[in-house]
There are 2 protein chains.
Amino acid sequence: MKIPEFQGMLKAKKSDCAVFYNSDSSRSSPNLFYFSGYSGLGALVIPARHNPFLIAPEMEFQRAKKSSVKKVYSMEKKRFFESIYQTIRKNKIKTGNIAIDKNNFTLNSFRHFKKQFKKSKIRDIAFDSIKLRELKTEKEIQYLKISCKYADKILQKAIRNFKSFRTESEAAAFLEYGAKKLGLELSFNPIVASGSNGSMPHHEPKNEKIKKGFCVIDFGVKYMGYCSDITRTVYIGKPSQKDKKIYSMLLKIQKDAINQVNESKKCSELYNFVNESLGKYKKYFTHGLGHGVGVEIHEMPNLTLNSKDRIKNGMLFTIEPGVYFPKKFGIRIEDTILFKNRTIPLTKTSKDLIII
Amino acid sequence: MKIPEFQGMLKAKKSDCAVFYNSDSSRSSPNLFYFSGYSGLGALVIPARHNPFLIAPEMEFQRAKKSSVKKVYSMEKKRFFESIYQTIRKNKIKTGNIAIDKNNFTLNSFRHFKKQFKKSKIRDIAFDSIKLRELKTEKEIQYLKISCKYADKILQKAIRNFKSFRTESEAAAFLEYGAKKLGLELSFNPIVASGSNGSMPHHEPKNEKIKKGFCVIDFGVKYMGYCSDITRTVYIGKPSQKDKKIYSMLLKIQKDAINQVNESKKCSELYNFVNESLGKYKKYFTHGLGHGVGVEIHEMPNLTLNSKDRIKNGMLFTIEPGVYFPKKFGIRIEDTILFKNRTIPLTKTSKDLIII
């Protein structure tokens, strides 16, 4: 995506090229994937004035060949940065000024990198790439819509089947299976947090009986590498009037917050609106209101107290207020929202309290 | 695990403390988990001469409290390294010399870190921690045995059901579901690579019909955070004599390689043995012979051409020769092996060629 825009950025910053790398199969550079569609081991070089190319080890060569980057060179995995250096030299790309992503460059990789690129000046392109990825292209919006559609479909099926799950793990496994059998990756490990576990926003599903009361289900898939994100809270058993009241309150706030979204709206204002609306419950709202989504599950904008971001055309983000009562229970309601001239919720599963 | 040993290491290196961090929910520090059992956001401080403590944001506080570290402090997520600094100061821990893991410390995090710890000397503890984790404790061996047992069980069930899978994705989803419903994480995304896809060692399962011929299935789970790793190659359809012959050759080499494992054996020798045994096929063996497993799927030792490692008591590693014929097919056979006075294969699924 956006290779010409990125090259324009490099030129403006007087960088000769950008280098992104994956040296470890368990951690992959979001920018490498964003610009190439490749997520295997290796490196992506984007020269400011020439076509980008990939450098991949023998065992990943065929996979790299299937990416959107036409030129793929072979590398010696053990001589990772040396291979990158040699390939750049062979291609006669200037290296006086190299842009890298310092959010995804470790200190030890940098030491090896600098051994090769001794004379190069290094610039950080992390923030600029994040900003570039903040506004989605038509193609990306298309992928993200499909991603949300799949998330809705699989989540709804899980809710319909919820009675048959004995444990949180079974519910999480069902969600994951629904994604995987369609060839979809997950945006993150599903959260199924029942009863008091629900008071931990990032609870990991346990292989233990689902507890009575509220149960938070947070789920998302990746379609063509693009993340969806949705949370629904269901109720196991018979909710009291108080339970229903607090759920309705949170739901109204979530809907109101979505209605507050508007072009140029400050994200911190959206956060504050929710925080104020929560009144005496605001101390139980322990995380941000939302975050951008894209090839990463957490992108720009940030919908937090101190955010400087504003809503712009082409942004895709979550709205997810929650309340967490320590050792008691938690409730969270989350949708993925597109802002494109108007506010368009992409996740559409019913938000009425479902009683299981 | 091994906190006293690690503290001894810090003292020997004249480090006052070690700091490990997770600032991003999609990437977690293996050392933070290894020493604390906690994998959420936050930081772990291990002073050379005092008890370790965790620092976690409000939303992760309860999860951190459930870890093996007794003392947990609260942090402001937006002031990540500032909170770490303040907590260390409050605990009167010296910071003249701080050990960090440079393999898991990004350039931008380091910039923020150094703003706080201006006067501290920084040492890299990456390699030492990897070496510490190379030899497993009894408790770790126990976890890893159970992990391998689960991997075997789930893989065998998948093989028994293989006829019912229409696509690679369905087979991969079945494996994953088997793990998740038991509350187990995966060591890595399962590989199901049929026909020509099998020639890519790291092929990602596709939502397309399983092809005839060899099908590589590479799978592992995490039990209590500890990884198992096993590969079997099955055959869809009727193998020719030539197919059977090449499979038998690879299987014999894999078994012979396991038999070659011995105390103090050079890992490079094991690699060379396999490479030489492959004869004219050696150019189709495009990756290492194996790798250690533990809290990470790739640990020490390395069983590669240039490895300096030797087999020692308490090591756990894979033996996984493979041959990959570009655009045609691939075969890989892999077991997780414990060396403890003798060679003990922990994965036990039959290696006879299974015809589906």
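User: In which sense do β3(A) and β4(A) pair, and over how many bridges?
Analyst: Strand β3 of chain A, residues 53-57, pairs with β4(A) in the parallel sense over five bridges. Strands are DSSP runs (E, at least two residues; helices are H or I, at least four), numbered from the N terminus, and two strands pair if DSSP finds at least two bridges between them. This is a predicted model, where local features need pLDDT of at least 70, side-chain atom pairs count only at pLDDT 80 or more, and totals for chains, interfaces and linings use all residues. Residues are numbered from 1 along each chain as its sequence is written, with chains lettered from A and ligands numbered from 1 in the order in which they are written.
User: Which residue stands opposite Leu54(A)?
Analyst: Val72(A), in β4(A).
User: What is the strand order in the sheet?
Analyst: The open sheet of chain A has six strands in the order β4-β3-β2-β1-β5-β6, with mixed pairing. β4 (71-75) and β6 (121-124) of chain A are at the edges with a single partner strand each, so one side of each has no neighbour in the sheet.
User: New topic. How many residues of chain A are in contact with chain B?
Analyst: 41 residues of chain A are in contact with 41 of chain B, where contact means C-beta atoms, placed from the backbone, within 7 Å.
User: Which helix of chain A gives the most to that side?
Analyst: α8(A), with seven residues.
User: Why do the copies meet through the same surface?
Analyst: Because 100% of the interface residues of chain A are also interface residues in chain B.

Terms used. Two residues are in contact if their C-beta atoms, placed from the backbone, lie within 7 Å.
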